[in-house]
Amino acid sequence: MNRAVELNAWREAVVGPTDPELTCDECFELIDACVELELAGRAAAAELPLMHAHLRGCSACRDDHDSLLALLRAGPGAVA
Ligand SMILES: [Zn+2]
């Protein structure tokens with residue numbers, strides 16, 4: 001568990017989740033699908049609105065999403 005996840009868990013404990021429909025675990029499950037939609041040029045925000053709402057409010061999931069997107073955009077040669 002990294003610092004961002006810890007802070008997010010703390011924030012959710014204090015102020016409640018900003019998006020109760022989707023937890024970080026559920027969001028994480030959707031990151032692959034979301035990134036694939038984006039790579040295919042589809043409107044991922046429209047197809048996965050709950051997830052995008054979560055990404056806007058959760059820096060931990062957004063970082064996961066951004067790094068996966070960057071990795072896949074870089075192509076297979078960039079995967080160690
Ligand atoms: Zn999250």
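**Helix packing in the predicted model**

The secondary structure of the chain amounts to 5 helices and 0 strands, and, read along the sequence, these elements follow the pattern α-α-α-α-α. The model is a predicted one. Buried residues account for 21% of the 80 residues in the chain, and of the contacts between residues at least 6 apart in sequence, 65% join residues at least 24 apart.

Helix H2 (24-39) and helix H5 (59-74) have axes that come within 10 Å of each other and cross at roughly 30 degrees. Because angles under 35 degrees count as roughly parallel, this crossing makes H2 roughly parallel to H5, and H2 passes H5 in a right-handed crossing. On the side of H2, the contact is made by Cys24, Cys27, Phe28, Ile31, Cys34, Val35, Glu38 and Leu39, while H5 contributes Ala60, Cys61, Asp64, His65, Leu68, Leu69 and Leu72. Sorted by class, the contact of H2 with H5 comprises 12 nonpolar, 1 polar and 2 charged residues.

Helix H4, which spans residues 49-57, has Met51, His52, His54 and Leu55 as its buried residues. These residues lie on the same side of H4, because they cover an arc of only 155 degrees around the axis. In an α-helix there are 3.6 residues a turn, so residues three or four places apart point the same way. The elements that cover the buried residues of H4 include helix H3 (44-47) as well as H2 and H5, the two helices whose axes come within 10 Å.

Conventions
Residues numbered from 1 in each chain as written. Predicted model: local features only at pLDDT ≥ 70, side-chain atom pairs only at ≥ 80, totals over all residues. Buried ≥ 20, exposed ≤ 12 C-beta atoms within 10 Å, placed from the backbone. Helix = DSSP H or I, 4+ residues; strand = E, 2+ residues; numbered from the N terminus. Arc of directions from axis to C-beta. Contact = placed C-beta atoms within 7 Å. Axes fitted to C-alpha atoms, helices over the stretch in contact; angles between N-to-C directions. Parallel < 35°, antiparallel > 145°, perpendicular 65-115°, else oblique. Left-handed = near helix turned anticlockwise from the far one by under 90°. Nonpolar A, V, L, I, M, F, W, Y, C, P; charged D, E, K, R; others polar.
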